[in-house]
There are 2 protein chains.
Amino acid sequence: MAITPERVLSIQSHVVFGYVGGKAAVFPLQCLGYDVDVVNTVNFSNHSGYGRFGGHKATASELDTIFEIMENNELLRPTRLLTGYIPGAEALSVVEKLATKLRQSKPDLIYLLDPVLGDSGRLYVAPDVIPIYQRMLPLSTIITPNWFEVETLTKTELKDMASLRRALEILHKEYRVPHVVISSLPLKPWLASALPPSILSSQSEDTSHLLCISSSLPDASNSCTSIPIIHAQCVPLIPGYFSGVGDLFSALLLAHFHPDSKPETIHATPLSLAVSQALTKTHAILLLTHSQSQTLPEHEKLPTDDELDEADPLRKTRRMKGRELALIKGQNLIRGVGLPQVWEMIRWDCFWDC
Amino acid sequence: MAITPERVLSIQSHVVFGYVGGKAAVFPLQCLGYDVDVVNTVNFSNHSGYGRFGGHKATASELDTIFEIMENNELLRPTRLLTGYIPGAEALSVVEKLATKLRQSKPDLIYLLDPVLGDSGRLYVAPDVIPIYQRMLPLSTIITPNWFEVETLTKTELKDMASLRRALEILHKEYRVPHVVISSLPLKPWLASALPPSILSSQSEDTSHLLCISSSLPDASNSCTSIPIIHAQCVPLIPGYFSGVGDLFSALLLAHFHPDSKPETIHATPLSLAVSQALTKTHAILLLTHSQSQTLPEHEKLPTDDELDEADPLRKTRRMKGRELALIKGQNLIRGVGLPQVWEMIRWDCFWDC
């Protein structure tokens, strides 16, 4: 394993129990050789999916103090920046100020911005954070929005290939984001029918799939004329809801992204190689988590049922607990040892004109 | 590597930059296969040795809320408990209440209590935490006080073999602590002259050494009549001050302690085996940190000089930064790969009557 001297500043939520936010991101980054400076935007007991949760939210002023002291101590020198869930506009503004300063002082900073806004049509942050994220997009190197976050940030409903192309154009050209990765697009008919056979054929018939798509500007210094290179891959959907998957994926993507690497094949880009690694490892951890949850006693793997959950809140927490990511048990997978299958990103050449 | 299904609840400080408290303890525990529930008693920018530091201290009520929600969610089910720096009597009382509850509900809980009070004659907590720690001692499985903390907890000045024996007796019999480990005793003449040749001979003549001593009750259920088994080892002192060493040592000790293990030799105990592992790995990380700090540019490895530090505060922070534990670079050492030397704890049979 190559141990790099790189240092990631990670700014996201912390939970005591389980693996979301920083708990899903920091350990994988450390396993892959990164020193990680860990800023906890909240300190909560567990993730909100358990129904009951609580603790302390860092105030904007607390975050500002921490960054100021670190700067005065010459400790604010990351080579990479990772930001995730940040509660509220005030705290996010502090992070915006920090990211602006880091970008200015270190133009080659690799900043992975995960614009955590919501999912499946529902915002889970206050609406006033949206314009701040839009202002922050030009500071980023890579963003990892989900479907809903792409729609929200670009004000574009994704309903056909034209709107998907338009949304990516807005992100690359208007917001000057060099690299965009949408890791789990539902495979709606219009999307499935546009996919080249090389990507579609990797699906098996009998399971649902999600599409992971990446879009990379070959020349980030020239975002207006350069045409983004698209890659995609279908990955089988694992039944049930798992928390922290996006946080793990983003951390792995940042860890594996080496902008100066020279891919062995002309079909790949530094971004597509990193996405392949992140996708492969995230999927392997999910498979392990799923198989582990199947060995739990019956009362801990009850299926989702809102009515029964309402009657017995512990029914839900037991299900959640059984679906916490198996990061520790699966740490060798994160190190690249014993991966069952590689999910390679496949170039989608006709994306812009199909 | 054996992946155990065990879960540690770790309660200690958090710093964004560097490796002390939880940042020194959690990653090693995770590497060794433990799921870790991480409670941050403070969220600071960096450790206090940098001179400037700040952030948020968790209040007693915040900690209480977190534990209460976790209990209601059935998430308070650790097999092991690790407590370190906890600021103030109010917060410590909340942890005392929690440890009492966990001990009652799980009699075989393995609780490593590091009674963080101070060092070298100086308290760095408020004096009102001392009686709380004294009340907590009977809840523990293992404690890892330093020289000064032994003196403070037992109200016994360590000045000869008789007072050392007396202090250990107080901890084992009055406070009913099954296992005591003092990891770095200065080798004063009275201590050196009492050491059996088998322990003394492992020293080389030309460097200073520290003594690590462990004292283990063979039958913890009968603390009044059972005679503690003593082991010790001399380890060369590495020049310079490194922060977080005790936190790393305690975490490794907890990770390697398996009370039901059957040592291959009659000279060893489950405690002495765990101490050997913790000592060996901590020393290897320190050697790596030291050798890494020697490769720094001149202005980052300036020796301690209070007068020059006063004139230029950054002089001190640069030195501190160069001495942060090389935990990430040395993660294979933590996993037991490539250890340069094993520091085996040697049985000190005549301790009680020499």
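This is a predicted model: local features need pLDDT of at least 70, side-chain atom pairs count only at pLDDT 80 or more; totals for chains, interfaces and linings use all residues.
Buried, as used here, means under 20% relative accessible area.

H9(A) is mostly covered, with ten of its twelve residues buried. Those buried residues are Asp247(A), Leu248(A), Phe249(A), Ser250(A), Ala251(A), Leu252(A), Leu253(A), Leu254(A), Ala255(A) and His256(A).

Over in chain B, helix H6 covers residues 161–174. Its buried residues are Met161(B), Ser163(B), Leu164(B), Arg165(B), Ala167(B), Leu168(B), Ile170(B), Leu171(B) and His172(B). What covers them includes the helices H5 (147–154) and H7 (189–194) of chain B, along with the strands S8 (142–143), S9 (179–186), S10 (209–216) and S11 (229–236) of chain B. Just after H6(B), Arg176(B) has a positive phi of about 55°.

**The cavities**

The structure holds five cavities of 30 Å³ or more. In the largest cavity there is about 240 Å³ of space. Its lining is made up of 16 residues, and those nearest the centre are Val26(A), Val38(A), Lys23(B), Val26(B) and Val38(B). Two or more lining residues come from each of these elements: helix H1 (22–31) and strand S2 (35–44) of chain A, and helix H1 (22–31) and strand S2 (35–44) of chain B. By type, the lining residues divide into six nonpolar, eight polar and two charged.

**Ser10(A)**

Val26(A) and Val38(A), which line the largest cavity, turn up again among the contacts of Ser10(A). This serine sits in strand S1 (residues 7–15) of chain A. Ser10(A) has a relative accessible area of 1%, so the residue is buried. Leaving aside neighbours within four places in sequence, Ser10(A) is in contact with Val26(A), Val36(A), Asp37(A), Val38(A), Val39(A) and Leu82(A). The side chains of Ser10(A) and Gln12(A) make a polar contact of 3.2 Å. Between the C-alpha atoms of Ser10(A) and Leu29(A) the distance is 9.8 Å, with 19 residues separating them in sequence.

**Ser140(B)**

Another serine, Ser140(B), lies in the loop between helix H4 (130–136) and S8 of chain B. Ser140(B) counts as buried because its relative accessibility is 4%. A polar atom of the Ser140(B) side chain lies 2.7 Å from the backbone oxygen of Leu137(B). Not counting residues up to four places away in sequence, Ser140(B) touches Arg103(B), Tyr111(B), Leu113(B), Val177(B) and Pro178(B).

**Arg335(B)**

Finally, look at Arg335(B), in the loop between helix H13 (331–334) and strand S12 (346–347) of chain B. Is this arginine buried or exposed? Arg335(B) counts as buried, because its relative accessibility is 16%. Its contacts, apart from neighbours within four places in sequence, are with residues of chain A, namely Cys31(A), Gln331(A) and Arg335(A), and of chain B, namely Phe27(B), Cys31(B), Leu32(B) and Lys281(B). The side chain of Arg335(B) also joins that of Gln331(B) through a polar contact of 2.6 Å. From Arg335(B) to Val245(B) the C-alpha distance is 17 Å, and the two are 90 residues apart in sequence.

Methods:
Residues are numbered from 1 along each chain as its sequence is written. Chains are lettered from A and ligands numbered from 1 in the order in which they are written. Side-chain values use heavy atoms; hydrogens and water are left out. On a 1 Å grid over the protein atoms alone, a cavity is a set of points where a 1.4 Å probe fits but cannot get out, and a pocket is an open set with protein on both sides within 12 Å along at least five of seven lines; lining residues have an atom within 4 Å of a point. Grid points are joined across faces, edges and corners, and a volume is the space filled by probe spheres set on the points. Helices (H or I, at least four residues) and strands (E, at least two) are DSSP runs, numbered from the N terminus. Ala, Val, Leu, Ile, Met, Phe, Trp, Tyr, Cys and Pro count as nonpolar, Asp, Glu, Lys and Arg as charged, and the others, Gly among them, as polar. The expected span of a helix is 1.5 Å times one less than its number of residues. Buried means under 20% relative accessible area, exposed over 50%, partly exposed in between (1.4 Å probe, protein chains only). Contact means heavy atoms within 4.5 Å. A polar contact is a pair of N or O atoms within 3.5 Å; within protein, one must be able to donate a hydrogen and the other to accept it, and residues adjacent in sequence count only if both atoms are side-chain atoms.
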